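Me: I have a model open here and would like to talk through a few spots in it. Can we go residue by residue?

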Amino acid sequence: MSDVTYAPDEVRRARYAVAAVFTVHGAVTGSFATRVPWVQDHASLSAGQLGFALAFTAFGASCAMPLAGRISHRFGSRTALRGLLALWTLSLVLPSVAPNLLTLCLAMFAYGASAGMADVAMNALGVEIERRLGKSIMSGLHGMWSAGALTGSAAGTLAAHLGSDARLHFALAAAVLTALGFVVCASVPDLKPAEDEEPPPRFALPPRSALLIGAIGFCAVFAEGASLDWSAVYLRDRLAGSAGLAAASTTGFMLTMAVARIAGDAVVNRFGAVRTVRAGGVLAGLGGLLVVLAGHPAVAMAGFALMGLGIAVVVPLCFAAAGHAGPNPSQAIAGVATITYTSGLIAPSLIGGVAQATSLVVSFAVVTVLACGLAVFAGVLRTAERAGGGEVSPRTAAVPDPRP
């Protein structure tokens, strides 16, 4: 990178700007999630066809994420993030105007591709700012993403309650979020490569360190996807809970994740990433055990809340570890993100398949085992970072870097 020094106040302002970027990114996801039933009805799709179309989101993200590093290298971090974030916010309109299965698949591919590229770019900036500050901030940044998702979800719920056309809702949301994105991106660092720095490849396999870190992220995102999509069904079908209790279980899971992420940086700075992930794995495993053994909806709700608390900071720490593990943060982050996106894609369908063959209890026993894996394999974070010449815990090794 070119030799430009940022004052401490500028680094702090950059942190707030990137946090706002995470919030905008999350708000798009929350907005879309609330109107999926409208999109399904508009395109006249069955449940199976809808699931097929939604799978193109992860497919598009996985294909496009490796491009983010090259785009940032070509245009600089600020211009690249501004453009990629605008593509993401504007892509919100696409699913609402898709009239059939084919067009919705194409729309979801573009939606996922823009989401993934913006995701990599903003996480790479977050890692750079974390390095300069010398303390963990990635959990809080992802907490702001969760807060944005909840805000977008709340607005979408109101729009759905009022019976508004999703085309109008998405157009207004896209316009507002695109404008906000342009404003907040003006304050992010403008990192540019050195003149003799080689551009990253357009496509490349993730480095080995990213594969190791991604395995931890896989376990966390699998538990997250399973809980988000199946917790309400579990309470309704397994424990005869009311529709209100079922919905409250999912909401509780999301809230515990958001709160834990926002507060998680203080824990990471105090105890380090490895011990934090190990403790989170214990909490998530205990939560899964409560779900599996629950004989009353309240016990299962407590279990899902504990799982949300336990896995909340894992993915942010995986992105941070990937960014610190080697010379090309964007490539490593893209590798970890691809693995976690894949986990989020297969988790809901695999849970459904296991439940159909056996039962939902067995399905969440699988989730519980994977959650416990976080505690067992948390040391991979430290091992992978040492292989790349970095350290996971900002307390012990993330020394502020004077370079951009």
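Me: To begin with, which helix does Ala124 lie in?
Reply: Bearing in mind that this is a predicted model, Ala124 lies in helix α6, which covers residues 101-133.

Me: And is Ala124 buried or exposed?
Reply: Ala124 has a relative accessible area of 15%, and because the cut-off for buried is under 20%, Ala124 counts as buried.

Me: How far is Ala124 from Ala334, in sequence and in space?
Reply: The two are 210 residues apart in sequence, whereas their C-alpha atoms are 9.3 Å apart in space.

Me: Let me step back to the whole chain. How many helices and strands are there?
Reply: The protein has 16 helices and zero strands. Of its 404 residues, 52% are buried, and among contacts with a separation of 6 or more, 86% are between residues 24 or more positions apart.

Me: Which backbone oxygen lies 3.0 Å from a polar atom of the Ser114 side chain?
Reply: That is the backbone oxygen of Tyr111.

Me: How do α5 and α6 pack, in terms of angle and axes?
Reply: Helix α5, residues 77-90, packs with α6 at an angle of about 150 degrees, and their axes are 8 Å apart. The crossing in which α5 passes α6 is left-handed.

Me: Which residues meet there?
Reply: From α5 the contact uses Ser77, Leu81, Leu84, Leu85, Leu87 and Trp88, and on the α6 side these meet Tyr111, Ser114, Ala115, Met117, Ala118, Ala121, Met122 and Leu125. By class, the contact of α5 with α6 has twelve nonpolar, two polar and no charged residues.

Me: Next, the loops. Where is Ser136, and what does its side chain contact?
Reply: Ser136 is in the loop between α6 and α7, the latter being residues 138-161. The Ser136 side chain makes a polar contact with the side chain of Asp265, at 2.9 Å.

Me: Is Ser136 buried or exposed?
Reply: Although Ser136 is found in a loop, its relative accessible area is 2%, and Ser136 is buried.

Me: I also flagged Ser44. What is its phi?
Reply: Ser44 has a positive phi of about 55 degrees although this residue is not a glycine. Ser44 sits in the loop between α2, residues 36-43, and α3, residues 47-64.

Me: Why does Ser44 count as exposed?
Reply: Ser44 counts as exposed because its relative accessibility is 61%, and the cut-off for exposed is over 50%.

Me: Last one, Ala240. What is its phi, and where is Ala240 found?
Reply: The phi of Ala240 is near 55 degrees, which is a positive value in a residue other than glycine. Ala240 is found in the loop between α9, residues 208-238, and α10, residues 243-271. With a relative accessibility of 67%, Ala240 counts as exposed.

Conventions: Residues numbered from 1 in each chain as written. Predicted model: local features only at pLDDT ≥ 70, side-chain atom pairs only at ≥ 80, totals over all residues. Heavy atoms only, no water. Helix = DSSP H or I, 4+ residues; strand = E, 2+ residues; numbered from the N terminus. Buried < 20%, exposed > 50% of the residue type's maximum accessible area, 1.4 Å probe, protein only. Contact = heavy atoms within 4.5 Å. Polar contact = N/O pair within 3.5 Å; in protein donor to acceptor, adjacent residues only side chain to side chain. Axes fitted to C-alpha atoms, helices over the stretch in contact; angles between N-to-C directions. Left-handed = near helix turned anticlockwise from the far one by under 90°. Nonpolar A, V, L, I, M, F, W, Y, C, P; charged D, E, K, R; others polar.
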